[in-house]
Amino acid sequence: MRGGGNGSDGAATEWRGTRGARTSPNPYERPYHPGVRIVGHGIDLVEIARVEALIGRHGARAVERIFTPGEAAYAEASSRLRGQRFASRFAAKEAVFKALGTGWGAGIAWTEAEVVLLPSGAPTVRLHGRAAEIAAEHGITGWLVSLTHTATHAAASVIAVAEP
């Protein structure tokens with residue numbers, strides 16, 4: 001199991017919350033990380049067919065306008081998952097803009113929010129340009145990102161965090 005140091009052996013995990021140390025009976029529960037504060041949260045759900053239709057209508061122009069070269073390469077690397085990969089990254093970008101408090105616009109280009117994979121395989125966000133400036137203004141130092149998809153929909157949840 002990744003992260004949190006929690007094993008799958010059923011052992012209780014000690015964690016600290018706002019009411020002091022407690023023991024959680026759930027071995028999959030992540031420990032509380034004191035000092036990290038949530039600055040913003042964004043969530044988005046998209047229909048995969050709509051993203052595929054957008055790319056189908058506008059081709060490479062749409063891909064270059066919305067996705068970074070790294071995101072496009074990742075999506076194109078799997079013909080079976082191409083639509084889901086593009087759609088989940090599209091949803092993540094929308095969620096990032098919501099977490100920043102700007103929504104889409106405010107002089108931010110789609111490619112200024114980039115979904116990248118950590119060495120563990122977990123997704124995170126790398127910001128560029130005006131998006132990075134806005135994040136710095138809000139004190140955002142990191143992102144917690146969750147992407148998911150079915151055969152028809154893709155969703156992203158993005159939490160902007162700040163260190164003390």
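## Basis of the report

Helices (H or I, at least four residues) and strands (E, at least two) are DSSP runs, numbered from the N terminus. By that assignment, D44 is found in strand β3, residues 37–47. The model is predicted, so local features need pLDDT of at least 70 and side-chain atom pairs count only at pLDDT 80 or more, whereas totals for chains, interfaces and linings use all residues. Residues are numbered from 1 along each chain as its sequence is written, and side-chain values use heavy atoms, with hydrogens and water left out.

## D44 and K98

D44 counts as buried, at 13% relative accessibility; buried means under 20% relative accessible area, exposed over 50%, and partly exposed in between (1.4 Å probe, protein chains only). K98, in helix α3, counts as partly exposed at 39% relative accessibility. The side chains of D44 and K98 make a polar contact at 3.0 Å. A polar contact is a pair of N or O atoms within 3.5 Å; within protein, one must be able to donate a hydrogen and the other to accept it, and residues adjacent in sequence count only if both atoms are side-chain atoms.

Contact in general means heavy atoms within 4.5 Å. Not counting residues up to four places away in sequence, D44 touches A91, E94, A95, K98, A154, A155 and A156. With the same exclusion, K98 touches H41, G42, I43, D44 and G103. K98 and I43 are 55 residues apart in sequence, yet their C-alpha atoms are 7.5 Å apart in space.

## Helices α2 and α3

The axes of helix α2 (residues 69–76) and helix α3 (residues 82–100) come within 7 Å and cross at roughly 150°. Axes are lines fitted to C-alpha atoms, for helices over the stretch in contact, and angles run from 0 to 180 degrees between N-to-C directions. The contact is made by E71, A72, Y74, A75 and E76 of α2 and by R82, R85, F86, R89 and K93 of α3. By class, it has four nonpolar, no polar and six charged residues. Ala, Val, Leu, Ile, Met, Phe, Trp, Tyr, Cys and Pro count as nonpolar, Asp, Glu, Lys and Arg as charged, and the others, Gly among them, as polar.

Within α2, E71, A72 and A75 are buried. These residues lie on the same side of α2 because they cover an arc of only 100° around the axis, the arc being that of the directions from the helix axis to the C-beta atoms. The buried residues of α2 pack against α1 (48–66), α3 and β4.

Strand β4 (residues 113–117) is mostly covered, with four of its five residues buried. Five bridges join β4 to strand β5 (residues 123–127), and the two run antiparallel; strands pair if DSSP finds at least two bridges between them. The bridge partner of E114 in β5 is R126. β4 and β5 form a hairpin with five residues between them, and G121 in the turn has a positive phi of about 100°.

## T141 in the α4–β6 loop

T141 is found in the loop between α4 (129–137) and β6 (142–149). With a relative accessible area of 52%, T141 is exposed. Not counting residues up to four places away in sequence, T141 touches V161, A162 and E163. A polar atom of the T141 side chain lies 3.0 Å from the backbone nitrogen of E163. The C-alpha atoms of T141 and V161 are separated by 6.1 Å, with the two residues 20 apart along the chain.
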